[in-house]
Amino acid sequence: MLVPVFTLKLNHKINPHMVTVGKYDGMHPCLTAATQAGKVFIHNPHTRGQRLSSSRITQSTQDSDISLLNINQAVSCLASGVFNPSHAHHSLLVGTQTDLLAYDVHNNSDVFYREVADGANAIVLGQLGGISPPLAIIGGNCALQGFDHEGNDLFWTVTGDNVRSLCLCDFTGDGNNELLVGSEDYDIRVFKEDEMIAEMTETETVTSLCHMHGSRFGYALANGTVGVYDRTARYWRIKSKNQAMSIHAFDLNSDGVCELITGWSNGKIDARSDRTGEVIFKDNFTSSVAGVVEGDYRMDGQIQLICTSVEGEVRGYLPASKEMKGNLMDASVEQDLIRELSNRKQNLLLELRNYQENSKAGTGSKKKEKEGQMGVIPANTQLQTALSVNAGSENQKPSVDLTISTSNDTIIRAVLIFAEGIFEGESHVVHPSAQNLSGCIRVPIIPPKDVPVDLHIKAFVGGKSSTQFHVFELTRQLPRFSMYALCTQGSAPKPRGKATFSINDRLQRVVMWLNQNFLLPEDIEVPDVCFTSLRGAGQLCIKIEQSGEITVSTDDMDLAGDVIQSLSSFLAIEDLSVDADFPDYFEEVRNTLVQVDEYHSVHQRLTAEMADHSNLIRNMLVQAEDARLMGDMKTMKKRYIELFDLNRDLINGYKIRSNNHAELLNCLRAVNQAIQRAGRLRVGKPKNQVITACRDAIKNNNVNALFKIMRAGIQSC
């Protein structure tokens, strides 16, 4: 059984997800974590008696080994590592919703302090692609930014939604790191520098990512799911009723391969095999886990796994010795395993008895009745499925109908459907009442996003009087654009928005793509079609000329991007330039940019007013104290009344400033998403060029150039 080699009880609470270990003097590892009241604590038990203090760092009154770094804002992310390639010591990086601080703890000085308009929700430090210096990469409001140790902005791109997690990993196996980004739109995106090369869709917000080894990485979702991917293939995943607070890769059983260590909101720590997800070790804290890191904290040359709780408890674990032979569990866990195997044995014996009773069924008329009860069905019974688009009615929402039927007079007693991202809890059960039993069941499905989904179906089939049933299992894929019904042109107002591009491929290939990605009553041959969105987003028209020019007409820019990306992937197109015009959306973006300018001017005015109020308060406080010392109580009272009024004005001003900042962030998010959408209309190099050029146009406040780029791409400049 594996036990902690050290335990600490720090007198400071720890914020979840914000724990790191840094060698700030180049030698001694120090546990660092964000704590309450906008502070970061640094635990350094190695150099007692050598304490520094400055305007930022102060000594903790509760623990002599802890120094407190005053940030004076709520900390949103934390990281440490070698930032300056010419120095061996680590730097500390602290992100807030408005700023990024790079701090040299050893020399007690700022490396740089940068304002980041999009905020910092997640941070990672390391080498990215071919960019030579290490970068501090922060993910914020739909944007990614990378700074070198001098504070230079060397990397910037946009992503689909607010960033929640970041990780560096050699995803392609070319020796250079790619950036993995988890966001609130349930996607894990992979960036090779500023080019997105892969995208995996999950079922909830991606809260944590960690590199395992090679191209393998672990992930955690907000709904309690953890798992492992190898590139775009998912190896395994498990789901818990608790939330995964932190994940980390560490070789705990000394087999040469890292396990996925997970800290949970109920205080549990577990280690799972990277190949199967099997639990090989677990332990428990009395409170929620805050973070899981590693470091040679005892300075004995052995790396320990360091687990922390939100109450400040710290435990260190050494990897298992060879004598333990991978047996890291205690006896009670082995008993649980024996109990589980015993239950499985009982279930198998029960199943065997049912089969034996079936084989011993009586003869004659009684035999037939007995067979009906035992669920004996004709040998040629088949389970058939069909997918169709249901446009809906007054009493029913539009949906995709999955029809499940049998090939004879047997009945379907129940149907279980497992599908990611469609049903709550990822599963759906249909169990008709005894009066409504039949050989056909219709299940309405409403996919929330345009992604292909595998439907894993289990159906219980038997006779009308059966008490036992045969289980049929099959898988059916829901096409990507299944929520679009084929319609005739002119049946609804024609979309004003469109995207036009040319391809060098046979038209039959495009027709093949249409048949595979849309639910059509029958295969079409004419590559000129019109669909109605069942989600109420209007029409989608796809027109293909003999010259190879394709026009995608829709008022939904996201949908146009999805269609272009799907078609490009099917036809293996590496680079694609597109002319786009979405007048309604572009006008909306233009209004948003005007609002951004207004919010910026309000922000500057409020900041100036706050500075003026601060000077007045300082002067009035001096005057009030002077009056008190001179015994002039009347003047003192007058000054303190004025101070009270000023303080009230400051508080009101702060509320206005806070609301203004929230609105500004929403507008900046909308602008970043507009750039992302303009990029998704292109493929390969044109996509990256459009994103970079759009950002430069916004930096230079050139709105006309921005819309030219969004319409015609980089060639318009």
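According to the UniProt record, an unreviewed entry, the annotation "domain: BBS2 GAE" covers residues 396-481; positions from UniProt are given in the numbering used here, with feature names shortened, and such annotations may be inferred rather than shown by experiment. The structure is a predicted model, in which local features need pLDDT of at least 70 and side-chain atom pairs count only at pLDDT 80 or more, while totals for chains, interfaces and linings use all residues. Residues are numbered from 1 along each chain as its sequence is written, and side-chain values use heavy atoms, with hydrogens and water left out.

Helices (H or I, at least four residues) and strands (E, at least two) are DSSP runs, numbered from the N terminus.

Elsewhere, an open sheet is made of four strands in the order E7-E8-E9-E10, with antiparallel pairing, where two strands pair if DSSP finds at least two bridges between them. Strand E7 (75-81) and strand E10 (109-115) are the edge strands, each pairing on one side only. From one strand to the next the twist averages 15°, with axes taken as lines fitted to C-alpha atoms and angles running from 0 to 180 degrees between N-to-C directions. Strand E9 (residues 99-104) pairs with E10 in the antiparallel sense over six bridges, and Asp99 stands opposite Glu115 in E10.

Buried here means under 20% relative accessible area, exposed over 50%, and partly exposed in between (1.4 Å probe, protein chains only).

Rings of Phe, Tyr and Trp (its six-membered ring) pair if their centres lie within 6.5 Å, and planes under 30 degrees apart count as stacked, over 60 as edge-to-face and the rest as tilted; by this rule there are 15 aromatic pairs. Phe481 and Tyr484 form an edge-to-face pair, at 6.2 Å centre to centre and with 65° between the planes, and both residues are buried. Phe582 and Phe586 are likewise paired edge-to-face, at 6.4 Å centre to centre and with 80° between the planes. Phe481, Tyr484, Trp513, Phe518 and Phe531 form one aromatic cluster.
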